[in-house]
Amino acid sequence: MTIDELREHLCAAYPDLCPLFSVEFSDGVLLVDQARLREALEDLKEMGFDRLGMVTAVDFGDEFELVYRLTSRSMRVGVFVKASVPRSTACVRSAVDLWPAADWQEREIFDLFGIAFEAHPDLRRILLTDDWVGHPLRKDYIDGSIIRRPDYL
Amino acid sequence: MVPQVREGGAVLRGLTAPGKGVRVTSADSVWFVVGLAVGPVAFLLLLLGINAVLAPSRPSALKSSPYECGIPQAGSPWCPVNIRFSTVALLFVIFDAEAVLLFAVASRVRGSVVGAAEVAVFTGFLALGLFYAWKKGALKWQA
Amino acid sequence: MAGVDEFARALEDTPGGGVVLTSIDAISNWARGHSLWIMPMGTACCAMELIAASFSRFDFDRHGSIPRPDPRHTDVMVVAGTITKKMAPSVKLLWEQMPEPKWCVAMGNCAVSGGIFHHDTYSVIRGVDEFLPVDVYIAGCPPRPESLQDALLRLREKVRSESISPSRRRTVEGLLPLPGGEKR
């Protein structure tokens, strides 16, 4: 399946999201919102996207954006799935039952961003020490020990 | 003139009388053996002595703590050990002593039938003991 | 507290003991300085240069140094790499487990001052001299293996200035001011 066939299939499946599907560098990017994220991931898994390359998050100041990288070994095509998650209710259904690789990746997101994942088997901090307070990669993280880079550097 | 006997490249000078063999009681070889026994011990004591005098020994609780790549020790290294280790060690000691005795006796009884019979009786007693241990399950690893 | 302190004091008190003391100092400093075994506390990229310095092209075995994994076998801890707040207690414990006489070399910008992680990070210790007494600083990101060898040779000079008697210890004047501007 090439990227264009994928685009057609996804446009047929998600007609309201079709304009948001872009092709950048011959990789598809599918933007969904949080309510349809789980459905989109399940559909893609069924279509043959059997490898989850990464799950990560971006903090845009007023909202988070979760980014999933899915590739298909048999079809030789890849797609990014991006979902906006509001800051106030930062809670998403976990993808561990679809791809076990999401286990530690979601723990890392929880550790550094504070986004909780429902139905995750073991959600706890993975990189920082267990008694760390706060989630450092948020833009509003305050820590007395951080030295800001001065302007002249 | 004192005859000099060459043996294995070394020259033995000894007190001889005409007709008798050479007796190896020269003072040099005695000193050699004494040196061989005392020398390494003295060297070791010298090194340990220098260390005891010059080493800055400042022990502390943290310094003597067990090394586990920088993290606090996880669990105690004392744990129950299989009893078979001591059983095997015991059997080894007994049969090792028997083997030493056999070596000692072997050169004397070579060629004589009576000697062979005596050694056979000795070995038979010990074989009886081995058979007993075997039947009691001492040679099996699992208790 | 240690036997050597009393021995040194006894030597200083006896007339003519100074000659013995300086001879002992010379011999033991020579022996220690020419056989500085290294504890390679390599956490990041500088560890690669540390390893390169121990291999055949640059070879610090010819200076008498070999890397040892056990802190009890070593004289020098070479901190090569970034030390994070999570790693710091382990480094401190390993430093405590090294027997005296011991020295510390901060290799690379991260161990000297936090390096490129000095600003805007939440997890990096800005310079390993926040909790270890560093004797030689090596700048570089990463420093070349020849810099590490130079540091070992300067450490050898520093070792030459030590003594078993506290009153005879000299301080070695550094070439550059220390991080923070003080001159030692």
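Helices (H or I, at least four residues) and strands (E, at least two) are DSSP runs, numbered from the N terminus. Residues are numbered from 1 along each chain as its sequence is written, while chains are lettered from A and ligands numbered from 1 in the order in which they are written. The model is predicted: local features need pLDDT of at least 70 and side-chain atom pairs count only at pLDDT 80 or more, whereas totals for chains, interfaces and linings use all residues.

**View 1. Elements of chain B.** Chain B contains three helices and two strands, in the sequence order β-β-α-α-α.

**View 2. Contact between chains C and A.** Six residues of chain C are in contact (C-beta atoms, placed from the backbone, within 7 Å) with seven residues of chain A.

**View 3. Two cis peptide bonds in chain C.** Glu100(C) and Pro101(C) are joined by a cis peptide bond with omega about -5°. Pro101(C) lies in the loop between α4 (88-97) and β3 (103-107). A cis bond also links Cys141(C) to Pro142(C), with omega near -10°. Pro142(C) belongs to the loop between β4 (136-138) and α6 (145-160).

**View 4. Ala119(A), a non-glycine residue with positive phi.** Phi of Ala119(A) is near 60°, and the residue sits in the segment after β7 (116-118) of chain A. Ala119(A) is exposed, having 10 other C-beta atoms within 10 Å; a residue is exposed at 12 or fewer such atoms, buried at 20 or more, and partly exposed in between, with C-beta atoms placed from the backbone.

**View 5. Asp120(C), a non-glycine residue with positive phi.** Phi of Asp120(C) is about 65°. Asp120(C) occupies the loop between α5 (109-113) and β4 of chain C, and counts as exposed with 11 C-beta neighbours inside 10 Å.

Definitions and conventions:
Contact = placed C-beta atoms within 7 Å.
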